[in-house]
Amino acid sequence: MQQRRFVVLSIFTVIVTLAFIILTQEDDFAIIISEKGLLRQNESIPHFFHNEEDVKYEFLAYKKKPGWHFVKYPCNYQCNVSGVEVTVNYSTNPSDITGKDVVLFRTGPFELHEWEELQYYRTPGQIWIFVTQEPASIVPRLLPPKIYRHTTYNWSFTFHSTSDIYGAYGWYTPFSTKTTSSKLIRNWYQEKSEFAAWISSRHCEGLGWDRTRFVLDLRKHVPIDMYGKCGNLSLSRNDSMAEKVIQKYKFHLSLENSCCSEYLSEKFWNALQNWKSVPIVIGGTKEEYVRLAPPNSFIHADDFPSIEALARHLHTVATNEKVFNSYFEWHQKGTVDQLSFRFRHPVFKEGACKVVEKLQQLHTKYSEYTFDPYSTSWFGSCYKCGEHHWIQRYNFLWKRTIFQDDWQDNRTLYLLDGK
């Protein structure tokens with residue numbers, strides 16, 4: 001009888017002890033069994049154990065080739081403003097993320113079992129950042145499976161204004177006071193001897209739409225010189241010499257590889273700042289160009305009912321000195337700036353220190369999953385190029401990136417025919 005009481009008492013003690021541990025450790029990550037039979041962490045909000053004494057962070061760039069923008073790993077940086085040291089390393093092994101402060105996700109694809117492993121090896125308090133300078137339709141491989149939709153990325157680091165860490169390609173800043181300085185007044189018409197240029201060496205076959213065929217069709221109506229692998233002309237590798245060639249053109253075709261919200265890449269900002277030409281654009285919506293670009297600085301192809309109408313307008317602008325110069329009046333109202341790629345990628349010192357600044361700004365040890373890659377501000381923000389039928393015919397077989405809740409695997413980019 002005494003032995004039985006001892007066994008019962010022992011069992012009771014164990015149960016009470018386990019209950020106490022669970023109740024007092026409710027903030028810790030529990031380990032559960034996934035549907036695939038693999039271990040993964042639960043969906044609690046991760047802790048971020050930052051305090052003012054932190055002077056060093058460890059970042060890991062996951063599954064991107066070591067030559068990510070020619071960076072040699074490991075990288076050791078000293079952030080001058082905060083006085084914090086940062087080490088950025090690289091790995092393709094999920095277990096290597098354990099213990100790192102920040103994990104940078106830049107490329108895919110990831111299989112479901114890999115996401116499971118990453119979740120398993122994730123350290124409580126670890127920040128996962130979705131990093132890209134490409135539009136949403138180009139990087140669907142960074143989408144996590146549906147079960148991890150709301151428990152994967154803490155922050156985003158993209159060109160979009162809704163990003164947690166903003167890395168815009170360029171921006172327009174109006175002057176604080178009106179000025180008519182003679183230094184800002186030039187006869188741009190007299191400086192331009194050539195008609196239009198297009199420079200492209202990537203995605204010649206097209207991604208969201210067939211921009212090469214668009215250029216070839218427009219070329220039937222107006223003269224366009226095509227540079228790069230997508231064309232038949234080449235430029236000097238000397239930047240200053242190449243820039244002098246491009247600056248002779250009145251127009252530059254700034255055609256994005258996809259039509260997604262706020263995707264105004266370096267093609268557009270280079271035309272305004274470096275090449276001093278009038279960009280002909282297809283990419284973001286007309287409203288976004290109006291909101292983000294200098295006033296009356298570009299020609300949106302979708303403003304015209306046909307490619308012939310667009311060509312006629314270009315002829316009018318190119319042959320009328322007053323009209324052409326009107327596209328440069330914004331130089332008297334503001335200025336255009338571009339952000340170096342070193343500030344737009346967190347494997348460089350400048351980009352890594354932007355992440356550090358974000359970490360230092362946290363006033364709590366908690367960091368929520370604030371970035372939903374399936375949201376309408378990201379993967380739901382891509383659309384068919386153009387409202388007019390003549391532009392829409394350059395699109396491939398998809399109308400809009402749409403995601404449905406009943407998909408078994410939401411990582412797939414479905415291409416719809418618009419029916």
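Q: Is the crossing of H4 and H8 left-handed or right-handed?
A: A crossing is called left-handed if the near helix is turned anticlockwise from the far one by less than a right angle, and right-handed if clockwise. In this predicted model, the crossing of H4 and H8 is right-handed. Helices (H or I, at least four residues) and strands (E, at least two) are DSSP runs, numbered from the N terminus.

Q: What should I know about the model before reading further?
A: Because the model is predicted, local features need pLDDT of at least 70 and side-chain atom pairs count only at pLDDT 80 or more, while totals for chains, interfaces and linings use all residues. Residues are numbered from 1 along each chain as its sequence is written, and side-chain values use heavy atoms, with hydrogens and water left out.

Q: At what angle do H4 and H8 pack?
A: Axes are lines fitted to C-alpha atoms, for helices over the stretch in contact, and angles run from 0 to 180 degrees between N-to-C directions. Here helix H4 (residues 211-218) packs against helix H8 (residues 307-319) at an angle of about 60°, and their axes are 10 Å apart. That makes H4 oblique to H8, given that angles under 35 degrees count as roughly parallel, over 145 as roughly antiparallel, 65 to 115 as roughly perpendicular and the rest as oblique.

Q: Which residues of H4 and H8 meet?
A: Contact means heavy atoms within 4.5 Å. From H4 come Phe214, Asp217 and Leu218, which meet Ile307, Leu310, Ala311 and Leu314 in H8. The residues of this contact divide into 6 nonpolar, no polar and 1 charged, where Ala, Val, Leu, Ile, Met, Phe, Trp, Tyr, Cys and Pro count as nonpolar, Asp, Glu, Lys and Arg as charged, and the others, Gly among them, as polar.

Q: What is the order of the strands in the open sheet?
A: Two strands pair if DSSP finds at least two bridges between them. The open sheet of 7 strands has the order E4-E5-E3-E6-E7-E8-E9, with mixed pairing. Strand E4 (75-79) and E9 stand at the edges, each with a single partner strand, so one side of each is left without a neighbour in the sheet.

Q: How many bridges join E7 to E8?
A: Strand E7 (residues 127-131) and E8 run parallel and are joined by 3 bridges, with Ile129 standing opposite Trp155 in E8. E8 also pairs with strand E9 (residues 165-166) in the parallel sense, over 2 bridges, and there Thr158 stands opposite Tyr166 in E9.

Q: Which residues lie on the two sides of E8?
A: In a regular strand the side chains alternate between the two faces of the sheet. In strand E8 (residues 155-158), Trp155 and Phe157 are on one side and Ser156 and Thr158 on the other, and all are buried; buried means under 20% relative accessible area, exposed over 50%, and partly exposed in between (1.4 Å probe, protein chains only).

Q: Where is Asn296 found, and what is its phi?
A: Most residues other than glycine have a negative phi, and most peptide bonds are trans. Asn296 has a positive phi of about 50° although it is not a glycine, and is found in the loop between helix H7 (286-292) and strand E15 (299-300). At 42% relative accessibility, Asn296 counts as partly exposed.

Q: Which peptide bond is cis?
A: The peptide bond from Tyr73 to Pro74 is cis, with omega near -5°, and Pro74 has its place in the loop between E3 and E4.
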